[in-house]
Amino acid sequence: MRHSSSQATTALPYLLPALMVLALVGGVPLGLVAYYAVHDTFGGNVFVWVGADWFVKVLTSPEFYAALGRSLAFSLLVLSIQIPLGIFIALRMPKSGPLVAAGIVLLAIPMLTPQIVVGYLWKVMAAPETGLLTQALGAVGLTLDPNSVGWTWVLLVAMDTWHWTGLVVLLCYARLRTIPDAYYQAAAVDGAGRWAVFRHVQLPRLKLVLAIALLLRFMDSFTLYTEAYVITRGGPGLSTVFLSHELVQTGLIQFDLGEAGAMAVIYFLIVVVVSAFFYRLIVPARADEARR
Amino acid sequence: MTPRFALAPALFMALVMVPIYWLIAISLQDARSLGTSFTLIPANPTLANFRFILTEPDWYLGYLNALIYVLINVVISVGVALPAAYAFSRFRFPGRRALFFSLLMFRMMVPAILLVPFVQIFSALDLIDTHIAVALAHCFFSVPIAIWILEGFISGVPVEVDESARADGHSTWSFFRRILLPMIAPGVATAAFFCFMFSWVEFLLSNALTTIDAKPFGGIMSRVGGVLSAHVPLLAAAGVLGLVPGVLLAILLRRHLAQGFSLGRVS
């Protein structure tokens with residue numbers, strides 16, 4: 001590494017193409033969102049400054065809090081299932097062998113499935129009478145009721161768990177394989193049991209990948225739209241209207257630019273705060289790893 | 001491994017594959033058969049649904065459209081990400097950390113937030129329903145993904161390689177082309193794969209920014225699924241075709257999947 005203040009001018013030409021693309025496709029739309037958030041519009045071409053009016057409207061709207069609550073609840077639910085399940089599967093996977101390579105590709109397949117196909121597949125799986133899930137549950141005496149809020153949530157959580165647990169498995173497994181055998185041998189000499197090995201040998205080395213998995217899984221579940229929309233259209237009632245759904249509805253269907261803009265700015269701020277929180281976990285974990 | 005749990009991963013993978021198997025099984029059924037009965041194994045398997053999709057321009061152009069904007073996106077993303085990733089890996093400039101973090105912010109952005117402004121911007125530029133509009137919109141996410149992944153791979157190359165190349169008289173361009181790129185070829189492939197996959201699976205933006213000429217298969221599935229819910233086997237076949245590129249590329253890149261999914265943070 002070279003350390004000198006003149007590196008800014010050296011680095012700039014390398015960074016410039018990427019920064020220009022991101023300014024164009026990122027800066028402009030985000031600026032536009034912020035502009036909408038503080039203006040009212042008549043017919044989409046005359047804009048009048050309204051200050052914080054839209055923010056007040058969003059922050060006093062019960063629909064907004066309801067959607068935010070559902071999104072947070074959904075994220076916490078899927079994280080509390082997918083993270084432990086993913087770690088468990090990764091720990092049990094054999095270190096090598098002909099099936100491991102095939103298994104890794106299989107685990108990745110749901111993540112490489114187009115979002116619309118994921119939604120559609122699970123909609124068909126839960127179809128009354130003909131759906132595989134409906135039939136499987138029927139075989140053990142359960143009735144998948146599409147009009148029940150509980151069952152619809154179970155369905156969405158199952159869909160997301162199918163879709164994304166592989167991410168946690170892949171990341172943890174890749175990291176676990178890099179732990180030298182000597183660590184396990186040392187633990188065995190100390191007479192450490194399975195739990196002690198996990199707690200003192202494996203878990204500390206999983207910190208970085210778990211922080212990344214938590215971040216990615218939180219954000220992607222918190223911003224879920226297509227898959228859930230295809231399955232439930234927000235129903236039954238409003239029970240699966242998540243924040244992204246509420247935002248698309250306000251912005252594109254009701255074409256309420258100001259309110260959608262303010263909601264988007266608030267949504268964006270939540271994203272920044274959460275990402276910053278996880279980034280603080282990732283950075284020290286990275287330094288930790290570098291020392292090992 | 002205690003034998004008690006040794007089967008857990010195999011069981012888990014089998015469960016993961018069940019819906020995929022089901023999708024394939026339905027896609028092989030007669031177009032009208034599913035409305036009435038439930039079967040695990042298609043009674044009279046047929047490729048008619050696939051034949052229909054691959055010969056009907058409305059359908060197969062949907063895959064071609066997706067392929068076109070995805071490839072444009074990959075070329076732009078990897079092209080601009082490569083030098084940027086090099087800068088993040090090798091230079092210590094003021095604001096480096098903040099900038100690298102804000103890239104993560106882009107990756108974490110909510111597509112729904114960008115929907116309205118993108119529709120407005122591309123309407124104003126008269127670019128609605130063009131491949132380039134979707135490719136550019138997807139750059140918002142894929143450029144940061146590519147930079148993070150490539151930075152991980154480039155940081156795995158010792159700085160001494162750069163120094164000896166410079167001592168040997170390589171220009172920056174020749175260093176990139178003859179030395180760095182061959183060394184991080186798996187990284188470039190991984191970055192390209194993850195840009196490809198982001199763009200291929202995305203629905204909300206690609207559907208909203210297109211109407212007819214650049215409509216991806218996802219938009220067509222959504223249209224057909226909404227109007228003719230009877231066509232379950234046809235839509236299943238469309239779904240199976242949507243899976244093909246990801247599966248093929250994942251097999252080729254299986255050794256680098258974890259590195260890519262972790263945005264270059266695991267090696």
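Helices are DSSP runs of H or I with at least four residues, strands are runs of E with at least two, and both are numbered from the N terminus. The model is predicted; local features need pLDDT of at least 70, and side-chain atom pairs count only at pLDDT 80 or more, while totals for chains, interfaces and linings use all residues. Residues are numbered from 1 along each chain as its sequence is written, and side-chain values use heavy atoms, without hydrogens and water.

**Exercise 1.** State how many helices and strands chain B has, and in what order its elements run.

Solution. Step one: chain B holds 14 helices and zero strands. Step two: read from the N terminus, the order is α-α-α-α-α-α-α-α-α-α-α-α-α-α. Step three: of the 267 residues in chain B, 59% are buried (under 20% relative accessible area, 1.4 Å probe, protein chains only).

**Exercise 2.** Describe the extent of the interface between chain A and chain B.

Solution. Start with contacts (heavy atoms within 4.5 Å): 92 residues of chain A touch 98 residues of chain B. Next, take the buried area, which is the accessible area (1.4 Å probe) lost when two parts are put together, summed over both. For chain A and chain B it is about 8,200 Å², with 82% from carbon and sulfur atoms.

Conventions: Chains are lettered from A and ligands numbered from 1 in the order in which they are written. Buried means under 20% relative accessible area, exposed over 50%, partly exposed in between (1.4 Å probe, protein chains only).
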